[in-house]
Amino acid sequence: MSNDVLTVQNVSKTFLPTIIALESASLGVKAGEVHCLLGANGAGKSTLLKIIAGAFRPTEGRLVLEGRPVELRNPAEASRLGISMIYQELDLVPQLTVEQNLFLGHAPGKFGLINRKDRRKRASEALKRVGANFTPDVRVETLSVANQQLTAIARSLTMDAKIIIMDEPSASLNETELKSVFEVIRDLVKHGVAIVYVSHRLGELREIGDRVTVLRGGRTIGTYEIADTSDEALVTAIIGKER
Ligand code: ATP
């Protein structure tokens, strides 16, 4: 039996009338790994992320979460099952406080009813885990992009996420900020969280990733141990062999 926390099995997605964004894509994500997705523009990365996060439903194929097939009807259902997506635009409400943002997208019924004291406790714990040097009371609009990124990760933690999907987190961070986000990621995977990480930058994937799945033209070309794979082999997988 596989020890994947999440398996994507032969997932296809067609947008009407005839755009095939994904074609029988398959991969397995293990608990405690940073699993990267790599592919050229239009290869299907975002579509795959959104299917894993419950934002899109696959046309064919299925997701298996901890050994059980799941049908994710929407992102709230995904987050209730422990799958949390951090979009590039971060999806935070700038005028609200950090604490308010931490509990915003929560699936109703899971933490929606917890009292103020417990919310504060959970918020403080989550902020501590991401090494935040700001309090739950500050408004998000006063934070740097890097601290907003930490807030988004903390929000995933308040949802007890087992799988955190990060779509190009480095896009708006400088090198120092990215290093501190990497430290947080390393701590999370040490505690068994799986990270699905998208970036175009090979150097970055080498620094943070354990394995990488390459997508090309909507298909999964293969999954590779990053340490054992050369940049050249990855580039060939991304663009295909010239004929
Ligand atoms: P990028 O790196 O540019 O974000 P990507 O690998 O994430 O690319 P996707 O955004 O998943 O690729 O797109 C895969 C294909 O599906 C593309 O041809 C894209 O135009 C198409 N596509 C994506 N979303 C939709 C949509 N909502 N409606 C129609 N076509 C779509």
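Reply: A polar contact here is a pair of N or O atoms within 3.5 Å. The model is a predicted one, and the distances and angles below are computed from it. With that cut-off in mind, an N or O atom in the side chain of Ser-46 is found 2.7 Å from an oxygen atom of the ligand, which falls within the limit of 3.5 Å. The backbone contributes as well: a backbone N or O atom of Gly-42 lies 2.8 Å from a ligand oxygen atom, and a polar backbone atom of Gly-44 is 2.9 Å from an oxygen atom of the ligand. Taken alone, the ligand exposes 640 Å², of which the protein buries 61%.

The shell around the ligand is made up of Phe-15, Ile-19, Ala-21, Ala-40, Asn-41, Gly-42, Ala-43, Gly-44, Lys-45, Ser-46, Thr-47 and His-200. By residue class, this shell divides into 5 nonpolar, 6 polar and 1 charged. Two elements, strand 2 (19-30) and helix 1 (45-52), each supply at least two residues of the shell, and helix 1 gives the most, with 3 residues.

Most residues other than glycine have a negative phi, and most peptide bonds are trans. Against that background, the peptide bond joining Leu-16 and Pro-17 is cis, with omega about 0°, and Pro-17 lies in the loop between strand 1 and strand 2. Ser-24, which is found in strand 2, has a positive phi of about 55° although it is not a glycine.

A further open sheet has 6 strands in the order 6-7-8-3-9-10, and its pairing is mixed. Strand 6 (83-86) and strand 10 (219-225) stand at the edges with a single partner strand each, so one side of each is left without a neighbour in the sheet. Here the twist averages 20° from one strand to the next. Strand 9 (residues 211-216) pairs with strand 10 in the antiparallel sense over 6 bridges, and Val-214 stands opposite Gly-222 in strand 10. Helix 8 (residues 231-239) packs on this sheet, where it touches strand 3, strand 9 and strand 10, and its direction makes about 30° with that of strand 9. Helix 6 (residues 175-190), for its part, lies across strand 3 (34-38), strand 7 (163-167) and strand 8 (194-198), and runs at about 145° to strand 8.

How values were computed: Residues numbered from 1 in each chain as written. Predicted model: local features only at pLDDT ≥ 70, side-chain atom pairs only at ≥ 80, totals over all residues. Heavy atoms only, no water. Pairing = 2+ DSSP bridges. Helix = DSSP H or I, 4+ residues; strand = E, 2+ residues; numbered from the N terminus. Axes fitted to C-alpha atoms, helices over the stretch in contact; angles between N-to-C directions. Contact = heavy atoms within 4.5 Å. Near = heavy atom within 4 Å. Polar contact = N/O pair within 3.5 Å; in protein donor to acceptor, adjacent residues only side chain to side chain. Areas by Shrake-Rupley, 256 points an atom, 1.4 Å probe, with all protein chains shown as cover. Nonpolar A, V, L, I, M, F, W, Y, C, P; charged D, E, K, R; others polar.
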